[in-house]
Amino acid sequence: MEKQSPKPAAMDLKKRKFGDDLDTLKPAKQSKIQTFFAPRVPLNTTCGTDRTTSVAKLSDEQNRVLQMVVEEEKSVFFTGSAGTGKSLLLRAIISRLRKKHSKRPDFVAVTASTGMASSNIGGMTMHSWGAVTPGSNDIDNQIKCIRTCKPALQRWKSVKVLIIDEVSMLDGHLFDILAKIADCLRKKTNKPFGGIQLVVTGDFFQLPPVSKTDPFFAFESGAWQRCIEHTVNLTKVYRQKDDHFVALLNQLRHGTLSPEACRIFKSLSRPLLPPPPSMPNITPTELFPTRREVSNSNMTRLKALPHALHIFHSHDTFPNAPDSSTIPKRHSAAMSNTDMNEPPPKPTSLVSRNNKRDGLLSGILAEKELQLKKGAQVMLVKNVDEMLVNGCVGRVVGFYGYHEVMALQGESEKRAGPTKTTGFVRNVTVEADSALTGIKDGSVNKENVDEAVGEMKDSKKGQKSLGSQRAEERFPLVEFPTPEGGKEAVLVMREEFRVEDSEGRLLARRMQVPLILAWAMSIHKSQGQTIQRVKVDLGKVFEKGQSYVALSRVASMDGLQVLRFDPKKVMAHLKVIEWSKTLESVGANEKSPTGKGSL
Ligand SMILES: Nc1ncnc2c1ncn2[C@@H]1O[C@H](COP(=O)(O)OP(=O)(O)OP(=O)(O)O)[C@@H](O)[C@H]1O
């Protein structure tokens, strides 16, 4: 069943390059490409002192990847250490591909190895998209099931570009299975992966696939050799500006620390400098390996606060969710398991419809039940603008209704106007005792608020009681630090979180206040984030790549506290190290345009 590549393996290996040939393009073509492919992407910076209002211009090496993917339609794997802009580049690629195929959205599939990673890029998990059952190697049966699931079959047949993010956590066996399924279902071509263009990204030195035994990485699979035409290594680190810190993190990445590096990491056990004087109570976010530790830490601190508990239940709807009665059993199992790091699903007959629906939303950062109190440390999990982004850490100063806040803006707002339950009210002024005093410039995020009215109308259809209940709702007022060392109070109301299928059909929608408790966070959740101040206890780390992910979240050493530093806890997989050496030798044989092609 498996189609063999027409080329010998050695040829395939030679074809892969680092950085590729930007220099070799003719100047006219280069300039056309530079103009066309130089998108500006909002910077995903944190809420600390280095927050910036600018947008990022893609670097030459990032632009080159964009060009290879969008214009030359090549199958590319782009990698690079933490903070080299893989996610930012991927967002630019997705945006360009969607524009290019605007008339056929089904041509572009956006997927990731885990629910969390897929929700970060507005996609689906790879196994949900492909309707594959994790852990099953029975290809014939997998294909039989896909054939009986029309939407999945349609997805496989129509897709042209398949994007896979956070590939380090994708099991290599699954990659092989996907390639075989693609070959079988798309027989018109004898190109690898059924002729689907692959855009794969991730860093194999970060978190590996979840496995009880030695993990089998995607790069070890036979399909990888046949299907990935070009490997590009992004070399410029953007998250950290300090070259010395970047070099130390690089040693950490490879698990080979010099005595000097050990000494420096050990010295980071000192307490962090205090946060900006305007927000003295913000503590560094503690990163833990397990969700239980995170929950214990956050809940203990929440309980210790003397104020009233406010619980925000999410409003979840499932307009087109697959239902056990309408899709084959094995498909629904695959759809329900949206996080590869969860154990394989139980037999579908035992999984209730509600569990399946919850599974659809399991990759969304917004909680099903959010518990908050005045004084709670929280993280924003939605991008609002270049200033207020996913990852901003702040503190709840009170709970207010929209009208309470808006009443201070003027008489007309006080008397009339619909109640808003979604969006953000910016620049709310609060006094030391948290009593509202006014709105500095009356700035309201109008766009969100107007959307909110629409939301209300929608949600009121057939849900009268919910509507009136929402009218009374009080929302957290959160103080976030500003780049100038001050603070801004923002009323954070509900926001929409969506799960769509590859044709953009809405499968599930969660309306929830876009905050999570942020005294502690799991290392797993932190992958992909930039966090300003972090505290890590390496004594608790058990997995290869975990220390590297945790310590590379911060922008500078000033924001990093490391307890129980132990070089033995800094581990890289031997297979990844060996594989990266192979790539290095290939890179050395190839002309690298940037001159920085090696891993
Ligand atoms: N070309 C660029 N110019 C300016 N800033 C950039 C550029 N590319 C990325 N950044 C910034 O660098 C930071 C890290 O980027 P990003 O999260 O995309 O890196 P990453 O490689 O995906 O990291 P990780 O592997 O840790 O998830 C972000 O704040 C991002 O906005």
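How many salt bridges does a search of the whole structure find? The search finds 19, a salt bridge being a side-chain nitrogen of Lys or Arg within 4 Å of a carboxyl oxygen of Asp or Glu. Please keep in mind that this is a predicted model, where local features need pLDDT of at least 70, side-chain atom pairs count only at pLDDT 80 or more, and totals for chains, interfaces and linings use all residues. Residues are numbered from 1 along each chain as its sequence is written, and side-chain values use heavy atoms, with hydrogens and water left out.

**View A. K575 and its salt bridge with D214.** The closest N and O atoms of D214 and K575 are 3.3 Å apart. D214 sits in the loop between β7 (197–201) and α10 (222–227) and K575 in helix α22 (residues 574–589), so this pair ties together parts that are 361 residues apart in sequence. Helices (H or I, at least four residues) and strands (E, at least two) are DSSP runs, numbered from the N terminus. D214 is exposed at 52% relative accessible area, while K575 is partly exposed at 25%; buried means under 20%, exposed over 50%, and partly exposed in between (1.4 Å probe, protein chains only).

**View B. K575 and its salt bridge with E220.** Here the N to O distance is 3.0 Å. K575 in helix α22 and E220 in the loop between β7 and α10 are 355 residues apart, so the pair links distant parts of the chain. E220 counts as partly exposed, with 29% relative accessibility.

**View C. A salt bridge between K368 and D316.** Their side chains meet at 4.0 Å, N to O. K368 lies in the loop between α15 (353–360) and β12 (369–372), and D316 in strand β11 (residues 315–317), 52 residues away. K368 is partly exposed, its relative accessible area being 45%.

**View D. The covered helix α3.** Of the 11 residues in helix α3 (residues 60–70), 10 are buried. Among them are E61, R64, L66 and V70.

**View E. S522 and its contact with K525.** S522 belongs to strand β22 (residues 520–522) and is buried, at 6% relative accessibility. Its side chain reaches the backbone nitrogen of K525 at 2.9 Å.

View F. H403 is in helix α16 (residues 402–406) and is partly exposed at 28%. H403 and R474 are 71 residues apart in sequence, with 9.5 Å between their C-alpha atoms.

Definitions and conventions: Polar contact = N/O pair within 3.5 Å; in protein donor to acceptor, adjacent residues only side chain to side chain.
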